[in-house]
Amino acid sequence: MWPVGRRWGRREGALLCGVLVAAWEVAWGQLRYSIPEEMPKGSFVGDVAKNLGLQLPALGDSGVRIIDRGRTQYFALHGKTGQLVTAERIDREQLCESVQQCVLRCEVIVEGGMQIYGIEVEIRDINDNAPSFKEVELDQRISEMTSPGTRFPLTEAHDPDSGSNFVQSYELSGDEHFSLALQTGPGGDQRPELVLVKALDREEAAFHDLVLRASDGGEPARTGTARIRVAVLDANDNAPVFSQAEYTVRVPEDVPVGSTLVTVTATDADEGLNGHVTYLFKKITEKASRIFHLDAETGTISLVRSLDFEEGDSYEMEVQARDGGGLSNTAKAVITVTDVNDNAPEVTVSSVLSEISEDAPSGTMVALLHVQDCDSGANGEVRCSISETFPFRLERSFENYYRVVTTRELDREQVSEYNVTVRAADGESPALWSSAVLCLRVLDVNDNAPVFAEARYSARVPENNAAGALVLRVRAWDADWGQNARVRYRLGEGRVRVAPLSSYVSVEAETGALYALRSFDYEEVREVGLWMRAEDGGAPSLSSNVSVRLVIVDENDKAPQVLYPPAAALAAGAGWAGVELAPRSAEPGALVAKVVAVDVDAGQNAWLSYELAKATEPGLFRVGLHSGEVRTARFPLARDAAWHSLVVVVKDHGRPALSATATLTVVLAESVAELLAELGSAASAAAPGEPAGSLTRWLVLAVAAVSCLFLAFLLLLLALRLRRWRRSQLLAAGSGALRGVPASHFVGIDGVRAFLHSYSHEVSLTANSRKSQLRFSGASCCDTLPARPPPDEPAPLLGEDPAAPPGE
């Protein structure tokens with residue numbers, strides 16, 4: 001209500017007085033409160049809700065708010081209690097430096113009824129500043145011929161506080177030659193003077209040190225001190241004399257910085273150093289010291305900062321003239337600032353409706369404006385106007401407030417939106433003006449369906465996407481307003497393969513963002529088609545549909561799969577293993593084996609390349625880059641080992657590339673006996689320290705048994721072929737050359753594919769075939785038989801030379 005400062009003993013009386021004053025002021029639309037300065041943020045100022053008769057439950061609905069016209073908002077309205085509290089710590093000396101009564105003004109606006117109430121808050125001074133001297137070290141020069149009783153003006157102490165908290169007394173200490181006297185100025189202020197009590201003798205003491213103390217009237221009192229050093233000089237008969245006791249000048253507020261405002265002049269009848277006069281400000285406010293500059297030699301007062309009539313219209317200062325002998329005199333300088341029309345009127349929209357129904361009655365208020373001009377006189381008189389082409393007019397409200405009301409009913413079919421310009425001009429010529437634009441929408445009914453930004457949508461979705469990843473975002477607009485223009489999105493019904501569409505994707509109703517609910521697999525789903533619907537919030541709602549196509553993009557997520565050599569179980573886990581046989585007489589380029597691999601990815605992710613990563617003898621074998629064929633790179637040498645382990649890496653062309661490995665074991669052997677010997681030595685090496693282990697014995701026996709059965713079968717097959725040839729005598733002429741299959745297709749023992757060479761003939765048995773062939777040839781081990789003869793050619797006889805003509 002009427003909170004007071006630190007003197008809490010007077011709280012009850014001030015509180016009652018504040019209640020009576022506030023109640024009286026409410027009747028006139030004005031509330032007045034009083035608080036001390038320097039109160040913390042959030043301190044209680046007054047109960048606005050109670051003084052205005054506002055009900056607390058309806059306080060939030062009525063839209064009550066505070067408008068502060070200053071550059072800083074110092075007050076706020078508590079939303080729950082309706083109490084006015086401080087929004088910032090308030091410093092009276094900063095706000096009202098040269099004003100005796102400091103009052104801050106603001107307005108309370110009740111937007112429900114667009115009512116306005118003015119609030120005035122008086123900021124009372126507290127003793128929060130101590131007196132201070134402009135110079136804490138003062139130098140005073142006095143001639144030793146000066147008569148006792150002579151007075152010398154001293155610099156006054158400055159205290160930003162006011163009233164009883166201002167400087168009240170001075171004290172001097174330090175020397176018996178001087179005393180202190182106080183002179184009362186025209187404004188009632190105390191001016192200290194140094195009085196010479198006892199004659200000075202320079203030979204006795206050349207300097208005298210004094211302390212001047214200033215005290216204010218606060219409780220407790222605050223003090224400030226300055227040290228005075230008096231230098232005793234030779235005789236100086238005359239003090240400086242000003243040409244005027246007071247210099248007065250009037251300047252406009254737009255005078256340029258650097259301009260000379262007034263020149264003070266003082267003369268001294270003495271000669272030499274005693275007649276040289278210098279000037280300084282003896283008394284000046286801190287604010288004025290930042291605006292004006294005094295030339296110490298010429299006495300010229302110039303402008304160092306722009307003047308502003310609205311910040312200060314008058315400045316008063318005292319100028320001291322001092323000669324070289326220490327004598328001085330003072331004069332007053334008064335600078336009055338006159339107002340010029342340099343401020344345009346300010347139009348502030350305090351409250352405004354953003355939309356209005358087209359059937360609103362005439363006289364409906366749509367906006368509340370506040371108009372002010374910081375200039376004075378005719379420069380501050382403001383006239384407001386509005387264009388007559390709009391169905392609106394201005395009505396004067398509380399003080400400088402105006403209401404904008406409708407003059408007739410509105411028709412949205414003719415005009416759907418109004419941009420009303422309110423113009424405010426002052427009374428000067430030429431006039432300065434400003435304006436504010438009010439944007440008002442006219443509400444309509446729901447007569448427009450949502451429209452999508454695109455006729456159809458499509459997106460490319462990489463496979464293996466994260467669940468919940470954003471796929472795309474559809475956008476639809478509705479030409480209606482408000483709830484009628486609120487668009488929500490839904491997913492149409494559909495299925496992907498056998499699963500419902502809603503298990504694959506979902507749409508966010510408010511934003512139209514389409515998210516993937518699961519990870520897509522290109523190998524399973526290549527494309528997804530769906531429909532999305534946009535509905536507005538009208539009653540009944542209107543909607544529209546759009547098609548969405550999702551293309552699944554393949555990624556390199558599948559490593560190559562090695563089909564041959566077949567899979568085998570390794571000691572450390574599952575891997576690829578195979579055993580191949582190559583004769584030591586093989587020529588360079590002879591086919592030893594072929595690694596077959598596939599990749600279920602698509603495009604370049606399925607392009608495979610083969611590389612020999614590791615070999616027992618690096619230079620003996622090579623692998624085709626794209627075919628995967630393992631061939632001899634040179635003739636096998638006698639020093640080459642019989643067993644060779646080859647590790648082939650199969651890579652795809654994805655980024656990053658995935659790979660798989662295939663391990664081949666190639667045995668260099670010319671006969672079965674040599675093969676058996678190699679197998680036996682390998683078995684012994686596989687289990688050192690186990691003499692004739694059971695596994696090794698059974699392996700050797702199995703190889704020997706199978707080899708014997710195989711040779712017997714070949715001899716029987718050869719006999720049957722010879723008998724058939726003799727009976728049929730149907731020798732096909734030019735039957736064509738035999739096509740070969742790789743040695744890797746031959747069946748060996750325990751999965752070993754090998755060429756078997758014995759003596760001077762070559763015997764081959766093809767896998768997955770009922771036909772076997774035997775020929776006497778000196779060809780290399782890479783010659784193979786076709787897996788299946790062409791259907792239109794008879795099978796050649798054993799021992800026939802394919803290149804020989806019939807009957808030869």
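1. Rings of Phe, Tyr and Trp (its six-membered ring) are taken as a pair if their centres lie within 6.5 Å; planes under 30 degrees apart count as stacked, over 60 as edge-to-face and the rest as tilted. By this rule there are 8 aromatic pairs. The model is predicted: local features need pLDDT of at least 70, side-chain atom pairs count only at pLDDT 80 or more, and totals for chains, interfaces and linings use all residues. Residues are numbered from 1 along each chain as its sequence is written, and side-chain values use heavy atoms, with hydrogens and water left out.

2. Phe390 and Tyr418 have ring centres 6.5 Å apart and planes at 75°, so this pair is edge-to-face. Phe390 lies in the loop between β27 (382-386) and β28 (392-396), whereas Tyr418 belongs to strand β30 (residues 417-426), so the pair ties together parts 28 residues apart in sequence. Strands (E, at least two residues) are DSSP runs, numbered from the N terminus.

3. Is Tyr418 buried or exposed? Buried means under 20% relative accessible area, exposed over 50%, and partly exposed in between (1.4 Å probe, protein chains only). Tyr418, at 6%, is therefore buried, while Phe390, at 23%, is partly exposed.

4. Tyr418 also pairs with Phe392: the ring centres are 5.5 Å apart and the planes stand at 85°, so this pair is edge-to-face. Phe392 in strand β28 and Tyr418 in strand β30 are 26 residues apart. Phe392 is buried, at 4% relative accessible area.

5. Elsewhere, Phe242, Tyr247 and Tyr279 form one aromatic cluster.

Technical notes:
Helices (H or I, at least four residues) and strands (E, at least two) are DSSP runs, numbered from the N terminus.
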